[in-house]
Amino acid sequence: MTNNDPSPDTLLAQGGHFIDSETRAIVAPIHPSTTFGRDERYETRGFVYARTANPTGRYVEALLARLEGAEDALLFGSGMAGIATFFETLRRDERVVAPRIMYHGSADWLRRLAERRGIDVAFFDASTPGSLEEVLGAGDTTVVWIEPSVNPTWDVIDVRATARAAHAAGAILGVDATVTPPVTLRALELGADIVFHSATKYLAGHSDLTAGVLATRERDARWQDIHSARTGMGGVLGAFETWLLLRGMRTLHLRYARQAANALAIARHFERHSRLAAVLYPGLESHPGHAVAKRQMRGGFGAMLSLLVDGDAALARRIATRTKLFVPASSLGGVESLIEHRATVEGPHSATPANLLRLSVGIESADDLIADLEQALA
Ligand SMILES: Cc1ncc(COP(=O)(O)O)c(C=O)c1O
């Protein structure tokens with residue numbers, strides 16, 4: 001975003017206006033065409049075949065790039081398609097450093113690359129000061145990959161400090177900012193080189209499509225390679241889903257503000273609850289990452305939190321079946337509230353505490369959500 005750009009709220013609300021200059025329609029058109037004709041000089045208008053680029057996609061990618069302050073952005077058919085494409089560009093002699101606790105799909109994919117492709121993958125402990133520097137010092141790292149709010153414990157990683165450490169070690173910093181969309185955290189401004197979102201979550205916001213996005217500080221050689229890998233592996237987002245994503249994004253700022261306010265109300269209410277061992281939410285002053293979260297996030301502390309029940313996995317799972325409004329289901333970021341026992345879905349590699357219940361807070365009434373959790377805990 002340049003200094004003359006409107007605020008993200010305005011960019012989002014007006015996303016898609018006047019793309020069709022002939023009609024000045026305020027809703028973006030969909031271009032389902034997979035192929036594009038050449039003119040009398042055998043020239044294209046910039047589009048050849050939809051697996052490389054599609055006009056609906058290019059428009060939404062440009063909007064995402066503006067929101068992130070990026071030079072370019074690329075959409076993918078799911079978040080994991082974006083992550084897998086990014087890591088596909090790593091060469092055999094590269095080394096990746098990532099937090100031990102993070103989204104399990106990314107961790108599983110990194111382990112697979114380590115086993116099958118010989119890429120050196122090392123994990124650091126995000127809650128131990130000095131752990132990142134120690135792991136960086138143990139090898140020649142090319143990529144550091146983090147989540148600013150670590151899923152699902154919500155430990156906070158200082159993006160600016162991590163960027164400094166990564167760059168000092170000669171590595172680039174990639175940030176999975178899925179739970180901290182650009183209305184709250186702008187990773188490139190904080191020093192990251194690549195920012196990723198599962199657009200399935202807050203960007204789309206209605207649990208009705210899967211999508212991913214990568215955005216880059218620079219259109220460098222790695223970025224060209226990412227684009228080639230997307231074309232080669234074919235993980236593009238279809239035109240209809242792209243359009244639906246744009247429709248969802250137009251209310252991102254409103255949804256996210258309400259969801260974050262609801263999450264804070266829930267966290268405050270349950271902070272000292274007799275049935276709970278802890279509430280993990282960076283918006284609570286008692287949270288060890290509160291000060292960093294306050295520095296790097298705007299307008300709230302996100303809409304994800306976790307409850308540690310005072311008991312074992314069986315008790316946690318039982319509570320997750322007793323809620324009437326919170327739906328026991330995977331995923332996050334939609335307008336509806338979800339509850340999930342993460343250790344169950346993460347499987348044998350899970351490093352998540354067995355008594356942890358993850359909440360994705362929606363836009364319902366905070367009072368109703370609190371009452372629902374109270375009755376389930378009772
Ligand atoms: C933090 C994070 N990153 C990446 C992903 C993967 O995205 P998708 O499910 O859209 O493939 C998820 C999905 O839950 C996620 O929560």
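Residues are numbered from 1 along each chain as its sequence is written. Because the model is predicted, local features need pLDDT of at least 70 and side-chain atom pairs count only at pLDDT 80 or more, while totals for chains, interfaces and linings use all residues.

**Exercise 1. Describe how domain 1 and domain 2 meet.**

Step 1. Locate the domains. Domain 1 covers 8-249 and domain 2 covers 252-377; such bounds come from an automatic or database domain assignment.

Step 2. The centres of the two domains, taken over C-alpha atoms, are 25 Å apart.

Step 3. Count the contacts. In domain 1, 32 residues are in contact with 33 residues of domain 2 (contact: C-beta atoms, placed from the backbone, lie within 7 Å).

Step 4. Find the helices on the domain 1 side. Helix 1 (8-13), helix 4 (104-117) and helix 6 (159-168) each give at least two residues to the side that touches domain 2. Helices are DSSP runs of H or I with at least four residues, strands are runs of E with at least two, and both are numbered from the N terminus. Helix 1 has the largest share of this side, three residues.

Step 5. Sort by class. The side of domain 1 that touches domain 2 holds 16 nonpolar, nine polar and seven charged residues. Here Ala, Val, Leu, Ile, Met, Phe, Trp, Tyr, Cys and Pro count as nonpolar, Asp, Glu, Lys and Arg as charged, and the others, Gly among them, as polar.

**Exercise 2. Which residues are closest to the ligand, and which helices supply at least two residues of its shell?**

Step 1. The ligand is surrounded by 15 residues (a residue is near if its C-beta atom, placed from the backbone, lies within 6 Å). The closest are Ser 78, Gly 79, Met 80, Ser 198 and Thr 200.

Step 2. Helix 3 (79-88) and helix 4 each supply at least two residues of the shell.

Step 3. The shell has two nonpolar, eleven polar and two charged residues.

**Exercise 3. Describe the packing of helix 3 and helix 4.**

Step 1. The two helices pack at an angle of about 30°, and their axes are 11 Å apart. Axes are lines fitted to C-alpha atoms, for helices over the stretch in contact, and angles run from 0 to 180 degrees between N-to-C directions.

Step 2. Helix 3 and helix 4 are therefore roughly parallel (under 35 degrees; over 145 is roughly antiparallel, 65 to 115 roughly perpendicular, and the rest oblique).

Step 3. Met 80, Ile 83, Ala 84 and Phe 87 of helix 3 meet Gly 105, Ser 106, Trp 109, Leu 110 and Leu 113 of helix 4. This contact has seven nonpolar, two polar and no charged residues.

**Exercise 4. Is helix 9 parallel or oblique to helix 13?**

Step 1. Helix 9 (residues 252-270) and helix 13 (residues 366-377) pack at about 40°, with axes 9 Å apart.

Step 2. That angle makes helix 9 oblique to helix 13.

Step 3. The crossing of helix 9 and helix 13 is right-handed. Residues in the contact include Asn 262 and His 269 of helix 9 and Leu 369 of helix 13.

Terms used: Two residues are in contact if their C-beta atoms, placed from the backbone, lie within 7 Å. A crossing is left-handed if the near helix is turned anticlockwise from the far one by less than a right angle, and right-handed if clockwise.
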